[in-house]
Amino acid sequence: MATTTKAAPKKAATKSTSKTATKAAKAPKVPENTEIAEESALNELFIDELKDIYWAEKHLTKALAKLSKKATTDELRGAIQTHITQTENQITRLEQVFDVVGEKATAKKCEAMAGLIKESEEIVESTEDGSITRDAGIISACQKVEHYEIASYGTLKTLAGVLGYAEAVELLDATLQEEKQTDEILTQVAEGTINQSAKTEKA
Ligand code: FE
Ligand code: FE
Ligand code: FE
């Protein structure tokens, strides 16, 4: 007599699904092809852009120090001071990137940053010492600078990835995040009190 062994009824949906499948699926952040065509035109472009932002950061430390002295509120002065410290660290990071790509750290004049710095000086000249409008102007100038840097580091990070400089990607991203954060802080400072207070100031 055949005894039928009944299969035990499956309990509905126990959550033990396969654990192995998901692990390997994550794509690496950086392309695994680390073959770098060091003589490629794209590599040359990357190095050129690196020299450009290196010049920009070096000149920014001085320009930001001047702006912080001209600022009216302690809040803005503090925000700029914090970013000066970050900028000094960003210069060190760039030197590390030069090292990663086997190039000597060299600065090449960034015409755009030179222009933005000049514009910041004009803004200071055209606003009254001790006015809140001065701070609104300085914030405007600083945010233009941050946006130029965000664009530059975004591109540099992407190019570093394409060229296979994994270590450089990390370094450039760390700076990119700082520039974005600074831009946000400046927006908060402007929208917090400065814009409203400046609104009632006489020309
Ligand atoms: Fe910077
Ligand atoms: Fe530039
Ligand atoms: Fe910056």
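Helices here are DSSP runs of H or I with at least four residues, numbered from the N terminus. This is a predicted model, in which local features need pLDDT of at least 70, side-chain atom pairs count only at pLDDT 80 or more, and totals for chains, interfaces and linings use all residues. Residues are numbered from 1 along each chain as its sequence is written, chains are lettered from A and ligands numbered from 1 in the order in which they are written, and side-chain values use heavy atoms, with hydrogens and water left out.

Let's start with helix H4. Its 32 residues reach 46 Å from first C-alpha to last, close to the 46 Å expected at 1.5 Å a residue (1.5 Å times one less than the number of residues). Glycine 164 follows H4 and has a positive phi, near 85°.

The iron ion (ligand 3) is coordinated at 2.0 to 2.6 Å by His83 (NE2), Glu146 (OE), Glu146 (OE), Glu149 (OE) and Glu179 (OE); donors are N, O and S atoms within 2.8 Å of the metal (3.2 Å for Na, K and Ca), and water is not among the atoms, so sites may look incomplete. Histidine 83 in helix H2 (residues 74-100) and glutamate 146 in helix H4 (residues 132-163) are 63 residues apart, so the pair links distant parts of the chain. Glutamate 149 coordinates both this ion and the iron ion (ligand 1), 3.1 Å away.

| Residue | Relative accessible area |
|---|---|
| Cysteine 110 | 1% |
| Cysteine 142 | 6% |

Note on methods. Helices (H or I, at least four residues) and strands (E, at least two) are DSSP runs, numbered from the N terminus. Buried means under 20% relative accessible area, exposed over 50%, partly exposed in between (1.4 Å probe, protein chains only).
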